[in-house]
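Hi,

Here is the structure I promised to pass on to you. Have a look at it first, and then read on for what I found.

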Amino acid sequence: MSPGSSTESYPAFARIGLRKTPEKPQLDNLSRPGFEPEPPGFAARRADRYCTVGDLSFEEVEKFKYLGATVTNINDTREEIKRRINMGNACYYSVEKLLSSSLLSKNLKVRIYKTVILPVVLYGCETWALTLREEQRLRVFENKVLRKIFGAKRDEVTGEWRKLHNAELHALYSSPDIIIIKSRRLRWAGHVARMSESRNAYRVLVGRPEGKRPLGRPRRRWEDNIKNGFEAGGI
């Protein structure tokens, strides 16, 4: 649901800022697959892929885009991170000739990276629940761009040209690496914590879902990243 037609007959929608668009309204059923039994008639409704509320009809989907970010029915951010890296690659190849040009200074190339490529990759990163695997994928992407910017280096022993090592890249790139996500996440958490209790974001932050966790190791949560950030900063 997004800005569009009026929902005067459904005041509950309006109270939380939802509006039905006449083109393609969608509904995402947030659940753990195979964890909770489906209510009666749910399987038939899933086959139809549509849910009706009054005179409004919604197509049931497993994922959808909201404000430019992908939201899945199991609240998994890995797909969104993968999509962001792919979009960053598209931006990278669109300016690749500029990044490898000998007519531009390295400082200007770094500015192009920060203003054209990095914002695309890190859009919405404040809400990501990062694991070490996703952090590594983001660093690999950034190192690829930095190697294009700073070029190759002549080996002092063999005299042959070689790629810069990661430590050499970090020494040349004075800015924080791409995992500035951690500081952005903490800043966003503080912003949400200062919201009024009536705000939906604050209610989600302090709320506790009912029920029990499924068996097995729990997935990395956004809250876990916040706690790790506090511990790393000595807070």
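This is a predicted model: local features need pLDDT of at least 70, side-chain atom pairs count only at pLDDT 80 or more; totals for chains, interfaces and linings use all residues.

The protein has 10 helices and seven strands. Of its 235 residues, 30% are buried. If you take the contacts between residues at least 6 apart in sequence, 56% of them join residues at least 24 apart.

**Helix H5**

I began with H5, which covers residues 106-121. How far apart should the ends of this helix be? Its 16 residues, at 1.5 Å a residue, should span 22 Å, and the end C-alpha atoms are 21 Å apart, so the two values agree.

**H6 and its two partners**

Two packed helices are described by the angle between their axes and the distance between the axes. For H5 and H6 the angle is about 155°, with the axes 10 Å apart. Over 145 degrees counts as roughly antiparallel, so that is how H5 and H6 run relative to each other. The crossing of H5 past H6 is right-handed. On the H5 side, the residues that meet H6 are Lys106, Lys109, Val110, Tyr113, Ile117 and Val121. They face Leu138, Phe141, Glu142, Val145, Ile149 and Phe150 in H6.

How do H3 and H6 run relative to each other, parallel or antiparallel? Their axes cross at roughly 5° and come within 11 Å, and H3 and H6 are therefore roughly parallel. H3 brings Arg78, Ile81, Lys82, Ile85, Gly88, Asn89, Tyr92 and Tyr93 to this contact, while H6 brings Glu134, Arg137, Leu138, Phe141, Lys144, Val145 and Lys148.

Ile81 lies in H3 and is buried, with a relative accessible area of 1%. Leaving out residues up to four places away in sequence, Ile81 touches Trp128, Leu130, Glu134 and Leu138. Its C-alpha atom is 9.2 Å from that of Thr70, which is 11 residues away along the chain.

Beyond residues up to four places away in sequence, Arg84 touches Gly68, Val120, Val121, Tyr123 and Trp128.

Glu79 is another residue of H3. Its relative accessibility is 33%, so Glu79 counts as partly exposed. Apart from neighbours within four places in sequence, Glu79 is in contact with Lys63, Thr70 and Thr72.

**Helix H10**

Finally, a note on H10, which covers residues 222-232. The buried residues of this helix are Asp224, Asn225 and Ile226, and the buried residues of H10 pack against helix H8 (181-193).

Happy to go through any of this with you.

Best wishes

Conventions:
Residues are numbered from 1 along each chain as its sequence is written. Side-chain values use heavy atoms; hydrogens and water are left out. Helices (H or I, at least four residues) and strands (E, at least two) are DSSP runs, numbered from the N terminus. The expected span of a helix is 1.5 Å times one less than its number of residues. Axes are lines fitted to C-alpha atoms, for helices over the stretch in contact, and angles run from 0 to 180 degrees between N-to-C directions. Angles under 35 degrees count as roughly parallel, over 145 as roughly antiparallel, 65 to 115 as roughly perpendicular and the rest as oblique. A crossing is left-handed if the near helix is turned anticlockwise from the far one by less than a right angle, and right-handed if clockwise. Contact means heavy atoms within 4.5 Å. Buried means under 20% relative accessible area, exposed over 50%, partly exposed in between (1.4 Å probe, protein chains only).
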